[in-house]
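Here are my notes to read alongside the model. Have it open and follow the points one by one.

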Amino acid sequence: MRQPQVEQSPAELPEQVTIWEVGPRDGLQNEKSVVDLETKAEFIRRLLAAGLPIVEATSFVHPRWVPQLADAKELLEKLRDEGGLDHHDLPVLVPNERGLDRALELGMKHIAIFGSATETFATKNLNRSLDEQFAMFEPTVSRAREAGMDVRAYVSMCFGDPWEGDVPIDQVVSVGKRLFDLGASQLSLGDTIGVGTAGHVKRLLGAFGEAGLPIENLAVHFHDTYGQALANAYAALEAGVTTFDASAGGLGGCPYAESATGNLATEDLVWMLHGLGIETGVDLEALVGTSVWMSGKLGRPSPSRVVTALA
Ligand code: HMG
Ligand code: MG
């Protein structure tokens, strides 16, 4: 399979980056139909086999809110019982203590809470006001930390909100810092509806730096609604970010965010990174094969440009 010609950028860039694969979670939560358990398990196995170092598996949210992922327990039990991978290592989304209890029952070691930078989305996605979300997360994170879990914190609507429009940078930094200070090891800055642009990315990352949050603790999570995700990823790379969220085949979106479409496709990100001579550990051919297989299961072609070009 064709690979990009490697030409390093004259800019100072990292030698290696970590891709945080969110396809099984952010991707499948947004599918109209519920993907069957065996296909979900196979998707995760194939992604790990393609060299993705972190695969976010599912969510312990309310099954009525996200019926697509209502089989979280069964999925993780299946992966555990079939062996060959350590299901404990797969991060899962947890919004509250009920979700945490469900994750603890299965011995999970990595959870991700998900906060909103805006009032409206906090209400729509979490049924909480902006302030109330912290009261929900606080005991969740402290109990998770006591249990020895690693906690990631997402911040949604960092670059714009479908109901509120522009989102002030200082508001995002304030929410992000509050989430991080609860005891997270990493903050993932989400462009939930894909409206951000490259200068905005640099400004926001810079503002977190000024607020005392080191770039090593920041990840970026781009959706490609306006075709900006890859440009935004490059801007973040130049700013020193080394963890990038992406979704195989460009699946994804949030059912509670109007106009959210697919995530940055993992294949498009890998093509750019490998072309820059940056290591990811990912086998592009195996990954494209996985997305082609998944698009067969979903009955529509992948929106990823790289998958389309190589398939
Ligand atoms: P609520 O209705 O306010 O819940 O929902 P509650 O605390 O009032 O509890 C009501 C009932 O739900 C209780 O049961 C609880 O036990 C049960 P009852 O006593 O009435 O029988 N319950 C649960 N059951 C199972 N698992 C749970 C759970 N929690 C409560 N975890 C809640 C609040 C947060 C649960 C709800 O709003 C919810 O599940 N929201 C999730 C929405 C979601 O998953 N959105 C997509 C993920 S975010 C995203 O995609 C963005 C991201 O990708 C980054 C980006 O792009 O920006 C991460
Ligand atoms: Mg997302």
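1. Which strands does helix α6 lie across? Helix α6 (residues 130-146) lies across β5 (110-116) and β6 (150-156), and runs at about 170 degrees to β5. Helices (H or I, at least four residues) and strands (E, at least two) are DSSP runs, numbered from the N terminus. Contact means heavy atoms within 4.5 Å; axes are lines fitted to C-alpha atoms, for helices over the stretch in contact, with angles from 0 to 180 degrees between N-to-C directions.

2. A quick word on what you're looking at: this is a predicted model, where local features need pLDDT of at least 70 and side-chain atom pairs count only at pLDDT 80 or more, while totals for chains, interfaces and linings use all residues. Residues are numbered from 1 along each chain as its sequence is written, chains are lettered from A and ligands numbered from 1 in the order written, and side-chain values use heavy atoms, leaving out hydrogens and water.

3. Now the sheet. It's open, with nine strands in the order β2-β1-β9-β8-β7-β6-β5-β4-β3 and parallel pairing. β2 (54-55) and β3 (58-59) stand at the edges with a single partner strand each, so one side of each has no neighbour in the sheet. Two strands pair if DSSP finds at least two bridges between them.

4. Look at β1 (residues 18-21): two bridges join it to β2, in parallel. Opposite Val-55 in β2 you'll find Glu-21.

5. Helix α9 (residues 229-238) lies across β7 (186-191), β8 (218-222) and β9 (243-246), at about 170 degrees to β8.
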